[in-house]
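Please consult the sequence and the model while reading.

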Amino acid sequence: MMADVLFACMTYETGVFDFEDFPQTEEPVWILGKKYSTLYDLEELRNDVKSKIWLTYRKRFPPIGDIGPTMDTGWGCMLRCGQMALAQTLINHHLGREWMWERDVINPTYVKILQMFQDKKNCIYSIHQIAQMGILEGKAIGQWFGPNTVAQVLKKLSVYDDWTSMVIHVAMDNTVIIDDIRTLCRMPSSSQQMNKPCNNICSTSMRNRGGINSKMSLENGIYFQHPTLDSCLSNEQVQSSSNNSSSLWRPLLLFIPLRLGLTEVNRMYIRSLKTTFKLKQSIGIIGGRPNHALYFIGIVGDELVFLDPHTTQPTTVLNADSPDDESYHCCYASRMAFTELDPSIALCFYFRNEADFDLWCNHVYKFLIASEKIPLFELNKERPPHWPTLESEEAGDYKVLEEKTIVYTTDNGFQLM
């Protein structure tokens with residue numbers, strides 16, 4: 001079995017795989033908010049990478065839509081990257097960021113998460129469900145997705161996941177609206193009668209938030225704290241906040257689709273892209289090379305660390321008692337230069353509770369907005385008056401914001417003026 005998995009790790013559709021481990025360097029490696037040294041933490045680093053759920057092309061699964069394809073080779077790479085980002089979010093939420101995969105150790109929660117992504121039409125986040133839901137986004141089954149499309153599809157599917165009861169929000173127009181997120185995360189889930197009217201509960205001031213003692217300042221109507229990048233809430237603080245607000249705040253997976261250039265990434269954004277992987281809320285980036293989707297989980301120096309879905313493996317059966325799960329874990333990650341990155345990406349962040357979101361807002365303002373001439377994205381407290389309502393955006397029934405300002409809900413995720 002291990003030989004088969006190693007072969008899968010090295011067999012890609014392009015026929016070229018740069019099989020390299022991490023370089024021996026004094027520069028730190030950041031993997032989804034966690035810092036490693038290749039000189040002192042190499043085995044721990046490798047174990048963290050191997051613990052990430054690796055979702056690749058599969059063959060011989062039941063037909064999609066009864067008479068559709070039975071493999072996704074050549075078109076499903078971005079769908080698989082979206083699955084990997086969501087799977088990591090579910091691992092963080094149900095098992096914790098420190099959880100590590102152990103061969104032959106059966107964790108029922110882990111198996112339950114993995115089963116949600118099986119290639120079966122009755123699994124909530126399967127390739128079948130994603131491909132068929134993509135029809136609502138204008139994508140035929142077998143058509144290639146972009147980062148924004150897969151984010152929108154996962155958002156639609158998540159309302160059926162009562163176990164996690166997670167909010168998935170896709171920020172549009174390169175802008176995160178704080179009040180929108182507070183409103184969405186305080187709405188009841190579908191199992192809590194999500195169709196009930198929602199009160200105006202998004203006006204809580206950040207001045208009244210507890211648990212973080214630091215200097216406050218007012219910027220553009222938003223109160224910001226100024227912590228250091230390496231600071232974070234203790235486990236006790238996070239658990240206390242989670243317990244106190246569990247009935248009010250639903251966990252959140254935030255996608256921020258961006259277009260960072262026309263044909264290649266503008267170099268002015270590279271420093272900020274590196275910083276995103278240092279945030280404890282990071283779930284990575286879905287993007288890739290041109291027409292070659294990848295799931296980016298970290299950085300080392302001027303290189304991105306990624307998991308590549310471009311290998312075709314047989315469909316497996318994940319029984320609760322003896323899951324055949326080795327093919328869902330890659331032996332090694334790969335690396336590529338930032339200059340190879342396609343400019344169409346989506347940043348991914350997970351927030352367990354409101355304190356987690358507040359901390360992220362402060363770090364984003366200090367390290368990604370205030371310190372940059374041209375930020376990756378904007379962080380606003382309120383929705384601009386010319387935007388459609390949050391209800392309209394959530395329903396997906398808008399296209400035009402104002403005359404001559406069109407927001408495209410397509411792969412590019414950017415606006416034309």
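Two strands pair if DSSP finds at least two bridges between them; strands are DSSP runs of E with at least two residues, numbered from the N terminus. The model is predicted: local features need pLDDT of at least 70, side-chain atom pairs count only at pLDDT 80 or more, and totals for chains, interfaces and linings use all residues. Residues are numbered from 1 along each chain as its sequence is written, and side-chain values use heavy atoms, with hydrogens and water left out.

**Pairing of strand 14**

- Strand 8 (residues 252–259) runs antiparallel to strand 14, and eight bridges join them.
- Within this topic, Leu 258 has Ile 345 of strand 14 as its bridge partner.
- Four bridges link strand 14 with strand 9 (residues 282–289), again in the antiparallel sense.
- Ile 286 stands opposite Ala 346 of strand 14.

**Burial of strand 14**

- Buried means under 20% relative accessible area, exposed over 50%, and partly exposed in between (1.4 Å probe, protein chains only).
- Strand 14 (residues 344–351) is largely enclosed by the rest of the structure, because eight of its eight residues are buried.
- Ser 344, Ala 346, Cys 348 and Tyr 350 point one way, Ile 345, Leu 347, Phe 349 and Phe 351 point the other way, and all are buried.

- Leu 294 belongs to strand 10 (residues 292–300) and is buried, with a relative accessible area of 0%.
- Its contacts (heavy atoms within 4.5 Å), leaving aside neighbours within four places in sequence, include Cys 81, Ile 286, Phe 306 and Met 336.
- The C-alpha atoms of Leu 294 and Cys 81 are separated by 6.2 Å, although these residues are 213 residues apart along the chain.
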